[in-house]
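Here is a short briefing on one protein chain. Look over the sequence and the model first, then read the points below.

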Amino acid sequence: MNLESKYAYVLGLVLGALLLVTSCETKPPTNLADHTLIPHPVEIAGTGDRFQLARAATIQIADASLQGPAEYLIKAQPGMKLTTDQKADIVLSLDANDEQLGEEGYVMNISDDQILLSANHSGGVFHGLQTLLQLIPLSDERPIEIPTGTIRDYPRYAYRGSMLDVSRHFFGVEDVKRYIDFIAAYKFNVLHLHLTDDQGWRIEIKSKPALTAIGASTEVGGGAGGFYTQEQYQDIVQYAADRFITIVPEIDLPGHTQAALASYPELNCDGKVGELYTGTKVGFSTLCTDNEATYEFVDAVVKELAAITPGPFIHIGGDESHATEKEDFIYFINRAQKIVSKYGKTMMGWDEIAQGEIEKESVVQQWNSAGNASKAAENGNRIILSPAKLAYMDMKYDSTSRIGYDWAALIEVDQAYNWDPDSVNATVPSELIYGIEAPLWTETVENMEDIEYLVFPRLLGYAEIGWSPQSIRNWETYRVRLAAQALRFESEGIDFYRSPVVDWEKKDSIN
Ligand code: TNX
C-alpha cells in the first residue's frame, strides 16, 4: 500500500467509525425485536420500519372505558391529546377478539403511520400502554421514533403482587401512591398493604378509635408512626384501581397484634392493657383466643375494612403466632374465616392458616413452610408464592448492603430473577399457583430512599417472573434489558442499587 492509499484507508476507517457512533447515538434500531422491554412480551416481531410519533400525537378511544388509560398516557406524555378522528396516531380499542389475551392481555400493531392497541378489556389496554411507554425514548427529541412491528402479550399468572409493610415504619399516602406507580409500570396488579403489626395499627376503624389514637402512635425505633383515615385509604384504593391494581389489605391476626393489645385491654387474656412496642422481635404477641371480645373485635374491624375495600380479599395474616397454642390458633383461624366470609370477602393468609379448616376458595401465601402450602394444595386452595429465600425484598443483596435483613438469604439481583414458580414447591400443582408476590418488610426501611434501594431493581425481576412465560425468560438477555431500564429509574429520580451483576453502562438499545 502506498502512502496515499494508506491515508485514504485510515480516513475511511475513521469516518466509518464516526458514522457508526453517531448513528448509534441518534437513531433507534429499526428492529422492534431489539427492544429492552420488562417484562418480556409473549410474542414480539419487528417489521423493519419506523413510526414517527409527533409530540402532539393524537389518541382515539373506541370505548368510553378507555378514557382513564388514555388520560394516563397523556399524563406520562404531555402534549399528546384525545381526538375523535378515526385517523389518530394512536388508536385504543376493545376489539381484540382474542380469547387467549384474557382480561389483561393486549395486541399492539405499530405500522409506519399508526399504533393500534387493542384488548378484550380496559386493563389489557392499560398494560399495553406500559409497553408503549417503555418503547418511547426518554430524550426530548421529537418526533419520537418507534420501531414498527407487532406485540401480542398476556400474563402467565392472574395474581402479580407486591407487599408493602406500612406498620413497622409508616409510609404516608403520597409514598404509597409512588409505590403504586412503580409497580404499575411493570404490570403488577396487586398491592398487598400490611396494615397492622406489633409496632403500629395503620387503618382507622371508626368503632375502635383507640386503635389509631394509641396503636398508631409509634413505629420501629420510636418514631411518630401514623395511620390512614378511611377516606385516605379509599383514595389509595381508587388511585390503585385507576392503574388496574387491586389493594389487598392485611390485618395480621392473632399474633403480631401488640399495637391492638396496647389499645384495648379486653383483647388481652389478663384483661390488662398491653404496652406499645417499638422493637423488631416477632412472635411474642397474641389476641386472647378464648375471649368472646376478641371475635367482636375482629368482626368490627373486618366489617369496616370490607366496606371500604372493593377488591375480593381480606388478608388475615396468621404468621408466626408463636405465643398462641396450636389448637387455639386453629380455633381462631376457623372463626376468622367465618367473619371474612360473612362480609362477602375471600380470606387470604400466610401459609400457617392452612393448619385451620379453611374454605377451598381461600388463598394461602407460602412464605416459609412448603408443608403448609402442600396441605392447602391438597385442600384445593390457590397458592401465592412468596418464598422468603427468593422473593423477600427486605433481604440484603450481599453482606455489604446498607439496610435489610439476611435471616432467609442474601438475594442478589440474579438470584431474585432466576427462579421458576413451578419449581418452588413440588407438591403444589401448577394449576393451583395463583401467582407470586414480592413483599417488602420495613423493620430496616425508614423512608422512600430506603424503599427504592431495596426494591430497585429486584422488583422488575419479580414482574417478569409473574408475567412472562418461563420458556422465554433468560438471565443473559434480562440483564441487558435491565441495564437499559436504568435511564428510566434515573428519569423518575429512583435511587436504585447498582448491582455488580448488571453492566449498567450498556444503556437502552432502543433509545
Ligand atoms: C417474617 S414473613 C415475618 C415478618 C417480618 C419478616 C422480616 C412473615 C409472614 N413474617 O413479620 O417482618 O420476617 O423479614
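Strands β5 (residues 106-110) and β7 (residues 144-153) run antiparallel and are joined by five bridges. This is a predicted model: local features need pLDDT of at least 70, side-chain atom pairs count only at pLDDT 80 or more, and totals for chains, interfaces and linings use all residues. Residues are numbered from 1 along each chain as its sequence is written, and side-chain values use heavy atoms, leaving out hydrogens and water.

**The sheet**
- Met108 has Ile151 in β7 as its bridge partner.
- The open sheet has seven strands in the order β1-β7-β5-β6-β4-β2-β3, with mixed pairing. Two strands pair if DSSP finds at least two bridges between them.
- β1 (43-53) and β3 (81-82) each have a single partner strand, so one side of each lacks a neighbour in the sheet.

**Overall fold**
- The protein chain has 15 helices and 17 strands. These are DSSP runs, numbered from the N terminus: helices are H or I with at least four residues, strands E with at least two.
- Its C-alpha atoms fill a box of roughly 100 × 55 × 45 Å along the principal axes.
- Of the contacts (heavy atoms within 4.5 Å) with a separation of 6 or more, 72% link residues 24 or more positions apart.

**Burial and charge**
- Buried residues (under 20% relative accessible area, 1.4 Å probe, protein chains only) make up 58% of the 511 residues.
- The chain carries 41 positive and 74 negative side chains. Lys and Arg count as positive, Asp and Glu as negative; His and the chain ends are not counted.

Methods
Buried < 20%, exposed > 50% of the residue type's maximum accessible area, 1.4 Å probe, protein only. Charge placed at Lys NZ, Arg CZ, Asp CG, Glu CD.
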